[in-house]
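Hello,

Here is the structure for you to take over. My notes follow below it.

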Amino acid sequence: MNSRIQMWCAWCGPAFVAVFFTGFIVAGMIPPPSPGWNAERVAAFYQEDTDSLRAGLVVMMISAGLTAPLVALISVQLRRIAGPDSPLPTLQLIGGTAGVLAILVPMWMFLAAAFEPTRDPQITEALNDLAFLPFIGNFPPACVQLAAIGVAILADQREKPILPRWVGYYNLWTAFLFLPGLLVVYFKDGAFAWNGAVVFWVVAVLFGNWFIVMSHVLRRAIREQRAEEESAAAGATAPPPTSADREAVPA
Amino acid sequence: MSTPSARARRSPGEVGIWVFVIGDMIVFAVFFAVIVVLAAEQPDLVRESQARLSVTSGALNTILLLTSSVLVALAVRAAREPGAAHHLRARKLFGFALACGLGFAVIKAAEYGTKIDAGLVPATNDFFAYFYVFTAIHLLHVTAGIGVLVWLMRLSGRPALTAKDRMLIESGASYWHMVDLLWVVLFPLLYLVN
């Protein structure tokens with residue numbers, strides 16, 4: 001039963017990516033409004049197509065909830081890897097929980113700007129800054145979460161690790177690339193602005209990719225866990241799975 | 001490798017480290033593209049700004065990293081041989097590579113100091129913004145690499161090395177070669193090309 005719930009949690013990863021980016025596009029924020037725009041231009045952006053903007057933002061807000069099941073699932077599997085007295089699964093959970101808020105809170109700020117788009121443009125611009133800076137630049141939750149996952153996987157001493165070691169390196173690398181997010185505070189144009197090549201486009205791809213990859217490797221881990229439990233239940237004499245068995249697991 | 005299977009011989013180190021290495025190289029390729037685009041859009045600004053960089057410290061750092069890469073390659077070779085004497089040699093070679101890495105960081109810090117004293121800061125213009133950010137991100141890689149080299153020194157000094165130890169040594173060495181390679185591209189792009 002749990003393995004089935006775990007599977008549903010894993011599928012929330014790709015579901016999040018689909019819902020989140022659909023909302024992003026519907027809101028008209030891909031590509032994002034430039035941080036170099038003046039107050040009038042920002043206000044015009046909020047006045048132009050306010051209905052789609054609000055709809056897209058609401059969809060993105062809903063998508064934040066879809067990250068939670070995946071985070072919970074990662075904690076369960078990390079607990080299997082690292083054992084009951086390791087702080088790493090909890091650290092992952094703290095990062096992932098803050099991650100839900102990292103999407104949710106900026107959405108409320110965007111929605112506040114879109115709530116009354118005809119107010120003083122200076123105020124709309126300030127709300128827009130207040131939303132975009134944390135939305136793109138809030139890297140610590142994700143870095144904490146991914147570093148915890150990466151370290152837990154690489155410290156796994158099992159002959160056949162529960163999650164493959166490359167996933168550990170992958171998490172550390174992705175965590176590392178979220179760091180330039182802090183530069184949004186300093187740049188109004190170019191690669192490090194909140195709409196720039198490095199801070200927005202590279203990170204958007206890595207961010208979406210992470211949910212797909214984690215979902216994929218977790219689904220495999222769940223299937224292997226289920227097979228282990230079934231063979232343990234069938235009789236403790238069954239031989240341990242070999243690499244050939246692993247290859248034979250259907251995709 | 002004590003168990004030379006086709007799989008183990010396919011790539012140096014564990015396969016996982018290549019996720020990190022290739023992923024990082026792709027992102028640096030984006031950085032390189034950003035510099036090329038800037039040079040195409042604002043050639044005068046890039047030319048004038050480049051003239052104010054110190055090619056000497058950049059070149060010196062290139063030599064340091066290339067040397068360290070050779071030392072690391074020799075150390076990996078020494079660690080492959082059986083016997084405590086070879087492993088001590090590997091440890092020593094990793095130590096020299098570490099010294100080169102520290103030298104790189106010191107020169108970089110001195111270079112930043114000189115530039116800031118001359119009033120050239122990230123806010124000066126787009127070129128210097130990218131110069132500081134890209135070299136700082138690279139320096140962060142060097143700093144992580146220094147940690148990796150310290151770890152490799154500890155690991156390789158053991159009298160007996162397991163196949164897994166050797167795999168970890170190769171993984172760490174692969175990371176260091178990547179740090180070197182990224183600089184070898186970053187240096188001409190920032191300091192020379194236009």
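**Spans in chain B**

Residues 173-193 of chain B are 95% helix and 0% strand, with end C-alpha atoms 29 Å apart. Helices here are DSSP runs of H or I with at least four residues, strands are runs of E with at least two, and both are numbered from the N terminus. Residues 127-152 of chain B are 100% helix and 0% strand. The end C-alpha atoms of that span lie 36 Å apart. Both spans come from the UniProt record, an unreviewed entry, which lists them as "transmembrane region" together with residues 15-39, 59-78 and 90-107 of chain B. UniProt positions are in the numbering used here, feature names are shortened, and annotations may be inferred rather than shown by experiment.

**Ground rules**

This is a predicted model: local features need pLDDT of at least 70, side-chain atom pairs count only at pLDDT 80 or more, and totals for chains, interfaces and linings use all residues. Residues are numbered from 1 along each chain as its sequence is written, while chains are lettered from A and ligands numbered from 1 in the order in which they are written.

**Chain A**

Chain A has nine helices and zero strands. Its C-alpha atoms fill a box of roughly 75 × 30 × 30 Å along the principal axes. Of its 251 residues, 39% are buried (20 or more other C-beta atoms within 10 Å of the residue's own, with C-beta atoms placed from the backbone). Take the contacts in chain A between residues at least 6 apart in sequence: 77% join residues at least 24 apart. A contact means C-beta atoms, placed from the backbone, within 7 Å.

Nonpolar covers Ala, Val, Leu, Ile, Met, Phe, Trp, Tyr, Cys and Pro; charged covers Asp, Glu, Lys and Arg; the others, Gly among them, are polar.

**One helix pair**

The axes of α8(A) and α2 (residues 15-41) of chain B come within 11 Å and cross at roughly 145°. Axes are lines fitted to C-alpha atoms over the stretch in contact, and angles run from 0 to 180 degrees between N-to-C directions. A:A197, A:V198 and A:V202 of α8(A) make the contact with B:V27, B:V30 and B:V34 of α2(B). By class, that contact has six nonpolar, no polar and no charged residues.

Best wishes

Definitions and conventions. A residue is buried if 20 or more other C-beta atoms lie within 10 Å of its own, exposed if 12 or fewer, and partly exposed in between; C-beta atoms are placed from the backbone. Two residues are in contact if their C-beta atoms, placed from the backbone, lie within 7 Å.
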